[in-house]
Amino acid sequence: RILRRAGTTTTRTTTARRRSSFVSSSIAWSSSVERIRKKGLLMTTTTTRIPLRTKVNALSSSSTSDLRTTNPPSTIKYGYVDTHAHLEMILEKLDTKYEHWIESVREKESEQMYSLESILTIGCKPENWRKVEHFLQFEEVYGAFGVHPLNANAFEENTFSTTVSDGLKALHKKYPGKMKAIGECGLDYYVCQDPDVANAKEWVCPVDCREHQQFVFKEQILLAKEMNLPLVVHARDAGDGDAESDCLDIMRKHCDASQKIHVHCFTGTTSFAQELLQSFPNLKLGFTGVCTFKNGSNVREVVRMTDLNRILLETDGPFMAPVPFRGKVAEPSMVPHIAEIIATVKKSTVEDVFEVCRENTREVYGI
């Protein structure tokens with residue numbers, strides 16, 4: 001009996017030790033997994049790339065046993081924003097209503113890895129502000145309002161404040177959460193503004209028109225600072241460098257160094273891009289379908305030398321539809337094709353382009 005009792009006691013003691021060791025090992029293993037999970041280092045055996053933020057968010061709500069699975073989340077969506085489009089012109093050319101168009105986009109993207117989250121539509125002159133204002137009723141649409149340089153000739157010093165400045169302030173008061181920027185404004189020396197000149201697009205902007213553009217550009221910079229809104233800049237050169245030089249001079253003189261600026265549809269020189277990026281740390285360059293064009297090598301070079309965290313995605317629709325849609329109406333759902341080219345040029349992944357550019361949009365526009 002003594003031996004049996006001793007044997008039983010020994011067996012129980014050994015079993016208890018094994019259980020204690022197993023529990024300690026399990027706790028240690030769980031703690032290790034938790035540390036790995038928090039660091040974002042947990043890997044799956046699948047070759048599907050899951051963004052770090054998606055992995056952490058998906059795992060943080062799981063139990064310890066769930067961490068053992070090798071299956072990634074079933075659906076991963078990368079949100080994107082078209083940071084510059086002209087919705088009223090797009091829909092007019094497509095001969096459709098916004099509700100029908102956005103429904104078709106949602107249907108088209110239902111099986112894709114990406115999803116259109118928001119659109120920044122642009123009002124370029126007081127005459128079309130009301131048309132653009134109409135789209136602000138839709139949840140995913142935001143607006144920027146200003147005077148495009150090709151519309152600047154209509155304003156003198158005595159009419160700008162009453163027609164433009166007061167009008168923009170009234171719009172912002174009416175839509176404080178929807179009006180996100182002043183613009184687009186800037187300089188465009190490529191197109192002649194004289195209606196009496198035949199084939200105007202073949203002529204450069206005359207000197208007197210340039211002076212009007214510079215005045216209206218300066219006034220909108222000051223207004224953006226006063227209203228604490230980002231600035232959307234349009235800068236197009238005639239090939240002589242004058243527009244780029246004048247644009248830099250005006251911005252350096254009147255913009256705050258910390259001002260949030262979106263130089264949209266960038267097609268300028270690498271030196272212009274470098275000067276802008278170095279002068280204004282919160283400035284970002286927007287790239288359109290032009291970077292996909294066969295003759296867009298100069299734009300791709302600017303993309304290559306620009307840090308991804310200084311890039312915004314845009315279509316500038318209905319203009320300049322990206323490959324493979326050349327000749328068609330450019331519209332926001334074409335942004336992924338621009339993202340793919342940027343990823344190729346940057347030797348990155350399209351997932352990284354979506355993620356970083358989405359964060360860039362939040363930094364500039366808060367959307």
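Predicted model: local features only at pLDDT ≥ 70, side-chain atom pairs only at ≥ 80, totals over all residues.

Visitor: At what angle do helix α9 (residues 270-279) and helix α10 (residues 297-305) pack, and how far apart are their axes?

Guide: Happy to. Residues are numbered from 1 along each chain as its sequence is written, and side-chain values use heavy atoms, leaving out hydrogens and water.

Helices α9 and α10 pack at an angle of about 35°, and their axes are 9 Å apart. (Axes are lines fitted to C-alpha atoms, for helices over the stretch in contact, and angles run from 0 to 180 degrees between N-to-C directions. Helices, H or I with at least four residues, and strands, E with at least two, are DSSP runs numbered from the N terminus.)

On the α9 side, Thr270, Ala273 and Gln274 take part, and they meet Glu301, Val302 and Met305 of α10; contact means heavy atoms within 4.5 Å. Sorted by class, this contact has 3 nonpolar, 2 polar and 1 charged residues. (Ala, Val, Leu, Ile, Met, Phe, Trp, Tyr, Cys and Pro count as nonpolar, Asp, Glu, Lys and Arg as charged, and the others, Gly among them, as polar.)

For another helix pair, look at α7 (residues 207-227) and α8 (residues 242-254), whose axes come within 10 Å and cross at roughly 35°. Helix α7 brings Arg210, Gln214, Phe217, Lys218, Ile221, Leu222 and Lys225 to this contact, and α8 brings Asp242, Asp246, Cys247, Ile250, Met251 and His254. The class count here is 6 nonpolar, 2 polar and 5 charged residues.

Now for the sheet. Its 8 strands run in the order β1-β2-β3-β4-β5-β6-β7-β8, forming an open sheet with parallel pairing; two strands pair if DSSP finds at least two bridges between them. Strands β1 (78-85) and β8 (311-313) stand at the edges with a single partner strand each, so one side of each has no neighbour in the sheet. From one strand to the next, the twist averages 30°.

Helix α5 (126-134) lies across β2 and β3 (141-145), running at about 155° to β2.
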